[in-house]
Amino acid sequence: MSWITVTTFLPLVGVPVLLLGVRMRDDVARAIGLVVTLAVFIVSLGMLGRFDGSQAGFQLVEQATWVRSLGMQYLVGLDGVGLWMVLLTTFLFPLSVLASWKLEHNVRLFIAAMLVLETGVIGSFVALDLLLFFLFFEAILFPMYLIIGGWGGDRRVYAAVKFFLFTMAGSALLLVAILFLYFRSGSGGLTPTFDVRDLTAVAHALPATTARWLFLAFFVAFAVKVPIFPLHTWLPDAHTEAPTAGSVLLAGVLLKVGAFGLIRFNLALFPEASKYFATFVSVLAVIGIVYGAVVALIQTDLKRLVAYSSVSHLGFVVLGVFAFTTQGFTGGVLQMVNHGLSTGALFLLVGMVYERTHTRRLDEMGGLASVTPWLAGAFLFTAFASAGLPGLNNFVGEFLVVLGSFAANRWFGSIAAVAVVLAAIYLLWSYQRMAYGEVREEHRGLPDLSLREVAILAPILSLLLVFGVYPKLVTDRVELTTDTVLTAVSPDHPVESGPDPGTVAAGVAP
């Protein structure tokens, strides 16, 4: 077995142990979850060491036939984008287990659901067979539904059902499009296949109208997952009602499956249609950027504010990708990683604040910086990163997206730049209401960060700084993937237009 297969299915090792241990103590279940997710992260680092950023195409490919006559196979591999999505996933899961350490209700089943979820997410990022991808894509839905509906807030059932219905509706269109490509690949007496590498040539040969309809079918499925305006309405409810770990994983990795699908399938399979719909998608992205920021400004619930900030920040990802410039595309991919880290950290911190104050309402907080200075300091550092402060991670991705989108369309680039300012306003204003002012009587004597919470925050806050100072750790490994995708979409335009994104991101003059 390859590194990819072990990384994908290793989380499932702990599931039967948890499900069969009816009398298992909660602390043992937590320990199993932590050990397994840490093991998965360590194994995934092996892929980082073996991945060669100087080689184009998919690497570490593993292939095995299921049903030869039907063209069904197990096929996995990684490119530069998939590599960082897998690493982001395996990094956030052990932190999420630690964040759930005080959970007391059905701990054993909660950890089992998280482990199944991890396999589904990793599988979605590595699958090169469309049927296999669809199976993993759907496998994500059920454990996340259980996490929200079983361990969420007062309106958890409503939020879980809404999440389920939105995702299932998009998946139905995706399945129809996949089957169309599958049967089309079997025309002329050939054996039909789900192999995305073979289907690329099949999709490129389709009539333009057919390709555009298929593009829309794939797009709707992934737009729901990102989510892109106006298909975003399930997200604030899901974030607000989900437990802390659920919100971290939802923002950190599940939403990235949608953005990843747009890159891996929409752009690769339907380059002409991608270019045809680029303005339409970019308009939706810009609306989402501004809408998410404006609605975040008026929120009184701290967790809901962070949820709407996700709508805005993920709009930057989509805008950068569909700008079809080297800087925009690289910035979009970099922002996928950065958003997972910074917004994941924000949800962790919101959970820590809620554990102490038992409220998420900003008007019921105040003065926490004088009571819990280390917690408030970590919150401010993360807010600066999320707002795009130079030297921290989000600045790099957002700057490249604005630069790349401005080169493609000045209006889009200008509006995105204004939205960056809005992010700073709602994040710093919310922090001011939470951290400063008079301390409420019931909040006096609240404990500051514990050692467990320091262990959760230290790695993720360190990466906010590392990727802000040295983003080439990411950009160097996605450069060839960027070139390949952009060449397919715009073969008549040079990919390397403008300054090198890694150089710009590092703040070095080209």
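**View 1. Helix 20 gives the largest share of a nonpolar surface patch.** Welcome to this predicted model; the tour opens at helix 20, residues 451-469, which supplies three residues to the nonpolar patch, the largest share. The patch covers about 410 Å² and is made by L465, V466, V469, Y470 and L473. One of these, V466, is found in helix 20. V466 has a relative accessibility of 35%, so it counts as partly exposed.

**View 2. Helix 4 and helix 5 run roughly antiparallel to each other.** A pair of packed helices can be described by the angle and the distance between their axes. Here the axes of helix 4 (residues 80-99) and helix 5 (residues 107-126) come within 9 Å and cross at roughly 170°. An angle over 145 degrees counts as roughly antiparallel, and the two helices are therefore placed in that class. To find the contact in the close-up, look on helix 4 for G82, M85, V86, T89, T90, F93, S96 and V97. These residues meet I111, M114, L117, E118, V121, I122, F125 and V126 of helix 5.

**View 3. The loop between helix 9 and helix 10 holds P227 and P230.** Most peptide bonds are trans. For orientation, helix 9 spans 208-225 and helix 10 spans 234-241.

**View 4. L60 has a positive phi, and H358 has one too.** Most residues other than glycine have a negative phi. L60 is not a glycine, yet its phi is about 55°. You can find L60 in strand 1, residues 59-67, where it is partly exposed with a relative accessible area of 23%. H358, again not a glycine, has a phi of about 60°. H358 sits in the loop between helix 15 (326-357) and helix 16 (368-371). With a relative accessibility of 60%, H358 counts as exposed.

**View 5. R155 and D237 form a salt bridge.** Side chains of opposite charge can pair when their charged atoms come close. In this pair, the closest N and O atoms of R155 and D237 are 3.9 Å apart. The bridge links distant parts of the chain: R155 lies in the loop between helix 6 (130-151) and helix 7 (156-185), while D237 belongs to helix 10, 82 residues apart. R155 is partly exposed, with a relative accessible area of 43%, whereas D237 is buried at 7%.

**View 6. R197 pairs with D195, and D301 pairs with R360.** A search of the whole structure finds 14 salt bridges, and this close-up shows two of them. The side chains of R197 and D195 meet with an N to O distance of 3.0 Å. R197 has 35% relative accessibility and counts as partly exposed, while D195, at 3%, counts as buried. In the bridge between D301 and R360, the closest N and O atoms are 3.4 Å apart. This pair links distant parts of the chain, 59 residues apart: D301 is in the loop between helix 13 (278-297) and helix 14 (302-321), and R360 is in the loop between helix 15 and helix 16. Both D301 and R360 are buried. Elsewhere, salt bridges that share partners join R155, K162, D237 and R304 into one network.

Note on methods:
Residues are numbered from 1 along each chain as its sequence is written. This is a predicted model: local features need pLDDT of at least 70, side-chain atom pairs count only at pLDDT 80 or more; totals for chains, interfaces and linings use all residues. Side-chain values use heavy atoms; hydrogens and water are left out. Patches are made of residues with over 30% relative accessible area and no salt bridge: like charges are joined within 9 Å, nonpolar side chains (Val, Leu, Ile, Met, Phe, Trp, Tyr) within 5 Å. Accessible areas come from the Shrake-Rupley method with a 1.4 Å probe; for residues, only the protein chains shown count as cover. A salt bridge is a side-chain nitrogen of Lys or Arg within 4 Å of a carboxyl oxygen of Asp or Glu. Helices (H or I, at least four residues) and strands (E, at least two) are DSSP runs, numbered from the N terminus. Buried means under 20% relative accessible area, exposed over 50%, partly exposed in between (1.4 Å probe, protein chains only). Axes are lines fitted to C-alpha atoms, for helices over the stretch in contact, and angles run from 0 to 180 degrees between N-to-C directions. Angles under 35 degrees count as roughly parallel, over 145 as roughly antiparallel, 65 to 115 as roughly perpendicular and the rest as oblique. Contact means heavy atoms within 4.5 Å.
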